Structure formats: C-alpha cells, structure tokens
Amino acid sequence: MKRSRFARAASAGIGRIEKASSLDKPSYIAETAIARPAQIAGSPAEKIGNALHGTSYGHPLHPMLVTLPIGAWTFAFGLDLLAMLGFRSKGLERSADFALKAGAAGAVAAAAAGVADWQHTNGRDRRVGTAHALVNTTSLALHLASVALRGRGHLGRGRLASAAGWACLLVGGYLGGHMVYRRQIGVDHADRSPEPRDFQAVLPVSELEEDRPRRVEVRDEDARQDIGVVLVRHKGRVQAMGARCSHMGGPLDQGWVLSGALVCPWHGSRYDLESGWPTSGPSTCPQPRYEVRLRDGMVEIRREQEPGDEIVTADDFDRMPPLSDGVPFRGKKADEVLFEHHELIRRLFRAIKNTPRDDPQRRDLLRTLASELEIHEYVEDHIFYPAVHPISEDVPIAHSEHRQLSDLLAKTLKLNTASEEFEEHLQALHAAVDHHAGSEERSMFQEAQRLGDARLRQMGQELERTLEEQRTSRHQRLFRDLKIRLLEGI
Ligand code: FES
Ligand SMILES: [Fe+2]
Ligand SMILES: [Fe+2]
C-alpha cells in the first residue's frame, strides 16, 4: 500500500520542523531564562522540577496532565456541535464554558510539565518540542479568546475560536506523539535484560576503587547483545545497576558519585546507589538493579527481579515439589510431541504444493492444514507456553507470531486454490510457519529442557491427550469447521 497523501504531507512537515535551525536560538534563550532562576533558587526549584518531570512518582507527569485539556476541550467542542445541530439550552452553554475554563487550567499545568521535560531535549527533538509548544500555546490562546468572546455574548465567534483551538490541539497531539513514538522522548532507555539469572563473576574486587564507577558487561544470548552494568564501590559496599541511563541512554559508568547516588553525565539524573531509584530528575524511571556478592575475590552479580518479572532462577527450580512421588513418567516429552506436530504441518504444506492447482482436493488439504494449525496453536497457547513462560523470553513473541499466522491463514482461506494469488499466499504462510516452528525448535524447546525430564513428559501426556480430544470431539470439530467455512466465505 502506498503512503497516503496525508502521511506524505505530515512527514514532510515534520522533516521541515526538524531541520529548522532558526528555532534553536530562541529556544536556547528560553531555556536559559527558565534555568537561571531555578539555579538561583536551588533546592526548592529542584523539588518543583522533580515534581514536574514526575521523578517523585516514578512516572512522567506530562502525559497524565495533557488528558485534562484534551478531554475538557473535546467535551466543549462536542457540546458546541450539539448546539449547532439545534440542541440549544443555557445548561449546555454553561457546561461548555466550564469545560473551556477547566481545560485551560489543565493546559497550563500540562505546559509546565512539558517545559520541564523539553529543556533536556536537544537538536531535532528540541525543534519539534518547540513547535509542539507553540501550537499548543496557540490552542490555549484560542480557547481563552473563546471564553472571553462567549462572556461578551459573541457566541458564534466564541465557538469558531474554540473550534480552531481544538484543531490546533490535534496538531499539537500529532507532534507530541511523534516525539514519543518516533523519537522516543520520555520512554525508558535502560537495558532491561533479565540476565544474568544466576550469579556470574564479572570483575576482581581489587580492581574497584572507592566511588569510581566501573563498567562490566554480561551476555544476553536471547537478545544477542552484551548488556552494560556499572559497578560502584561506595563506603566499602559494592553496588550494581544498569549502565545505560533510563532517561535517554546516557553512560552511567562515565558518571560520578554524589550524596550516595550515581549521577548521569548527560542531564544529571541521580540514581540512589542502594535502590537504583532516581533521587533527582529528569529521569522518572529506576535503573535495573543487580544483586552483588563477593566470592574468592571476585564481584558476582545477578539481575534483581522487578515487579512484573516472571523469571525463574535455579533457586526456584530447587524449591519446586517433586512430581508423582518418584514414579517416572513414560511417553514423549512435550517438545517431542510438538515437534512431531510441526512435521505433520510441514507435510501438509508439501502435499498442497504437490497437488495440481485445479484439483479440488487442494481445498480439502487446505482445510486440514487450517484445522491442524488451529489445534497446534490451541495446545501451545493453553498448555505449553504458560509452562515455559517463566524460563523463556520467546513466549510473548511466539504469541504475536501465532496471531500473524492466523491472520495470514484467514487471508489464504478466502482465495481460489487454483489462483496465482493463492500460490503466493500459500508460499508466505509456509515461510511464516517455517520461521515460527523453526525458532520454537531452536530456542524455546531448548530452554524448556530446564523444566526437567519428568515435567516435560507429564506435559507431553497432556498435550497428546488434548490433541486427540481436539481432533476427535464432535463438538470441537463442528466448531472448527464452521469457523473455517466462515473464513472462506466472508
Ligand atoms: S540520559 Fe538524561 S539523565 Fe541520563
Ligand atoms: Fe507456536
Ligand atoms: Fe509450535
């Protein structure tokens, strides 16, 4: 699909803003005008700055506050539309008035938080931020003008002004979205790898000097990258946190220690050495933390769990109760059952390809393939993935790939099996299934071995039972057939 005219115009417009170096001088003058009084005021201004960034609550404040003007002004715009459609009443007019004023108050608060964050952007991000601020200020001015006009009885002109302000709000929102989603301003830039899950020696402790940050690296095989960790020896204790600053990715190992915190050299966020939490912004997000222990003169680190983590470590395996009172499970392991099913699906693809295009059997084979794919996804989603989720980072991606496979299958089912388009879609589906099954076999099935032989065989039994049940149950078959027919027909 080609880019729409709107997308082309919008990206050209943003490109022009990003190149507009004429915005730099006024923006740096404005930044200095904000920074100087804050520097003179000292600690109280720092506290206000931390509150405006959201450092104090561990989350950016600006996106929360912008909901106030967006909601209130959109509400007022809706009421004005109702009035234009003939639903007129004093009550509606008063409500619109109130919403405009409430939105203006929210906009001022949101602007304060936005300016606090904007000071720490530079280059093209600062230019887009400046444009975002100018457009939103225009929106605020138009809404305030609307309040004034309505107050003087010029209802029509007042409505026109707020409608124009509302349009500016959309443009401002577009630019704000560009900064967050494209330019990643305000998102967490730290490396949040779960590695190392178990203690790993990283440096002789003798190489650590008091209050001199030192970078070490640990390997994350899944992400295929080395993760930087910064070690700091402070008051005789060794602390470890992620080396990439969560604010914008600054190198914390090149920072310095001040009042029990590690300072980022880029924008001066300070992270408490004990907890990794920012004690001063602009960062709002804690650094990844590592447990530290000293063994045989070496510093050993292990990634500390965060709320929401589901990582299982060797300790957790030791705590798991033994299965089946020592009676060994027989039969295939879960990964073997699934591998056999992968092979069956691969054979079905080959069979369809080897069947002549005009042979009606192609459609039957395609339905069988659709049905087997669906059963396969069902048993993985309900039995296998939940069991391996804690030890494999591949599961969330695998879920996404299942979704993609079923979208692609739905498109393929709609096509005439004799057509060229079908051939192309079948090829794509085959490639997608091959990629998905192959990566399960190479990675997730290997990781699953950590669950132990007994658990994998127990799960293998359950998988085989469910596969059989899904294939033979009349009710399940009918339901699946109906779904396939609907996909073919709609
Ligand atoms: S990158 Fe901005 S404070 Fe670290
Ligand atoms: Fe899968
Ligand atoms: Fe699979």
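**Strand pairing and a helix in a predicted model**

Strands S6 (residues 261-263) and S7 (residues 270-272) are joined by three bridges and run antiparallel to each other. The model is predicted.

- Strands of a sheet are held in pairs by backbone hydrogen bonds, in either a parallel or an antiparallel sense.
- Here, four strands make an open sheet in the order S5-S6-S7-S8, with antiparallel pairing.
- Strand S5 (256-258) and strand S8 (278-280) lie at the edges with a single partner strand each, so one side of each has no neighbour in the sheet.
- From one strand to the next, the twist averages 40 degrees.

**Strands S1, S9 and S10**
- Strand S10 (residues 298-303) pairs with strand S1 (residues 200-204) through four bridges, in the antiparallel sense.
- Strand S9 (residues 289-295) is also antiparallel to S10, and six bridges join the two.
- Val-299 in S10 stands opposite Leu-203, and Leu-294 likewise stands opposite Val-299.
- The hairpin of S9 and S10 has two residues between its strands, and Asp-296 there adopts a positive phi near 50 degrees.

**Helix H7**
- Helix H7 (residues 123-151) contains 29 residues, and the distance from its first C-alpha to its last is 42 Å, close to the 42 Å expected at 1.5 Å a residue.
- Gly-153, which follows H7, has a positive phi near 90 degrees.
- An α-helix has 3.6 residues a turn, so residues three or four places apart point the same way.

Definitions and conventions: Residues are numbered from 1 along each chain as its sequence is written. Chains are lettered from A and ligands numbered from 1 in the order in which they are written. This is a predicted model: local features need pLDDT of at least 70, side-chain atom pairs count only at pLDDT 80 or more; totals for chains, interfaces and linings use all residues. Two strands pair if DSSP finds at least two bridges between them. Axes are lines fitted to C-alpha atoms, for helices over the stretch in contact, and angles run from 0 to 180 degrees between N-to-C directions. The expected span of a helix is 1.5 Å times one less than its number of residues.
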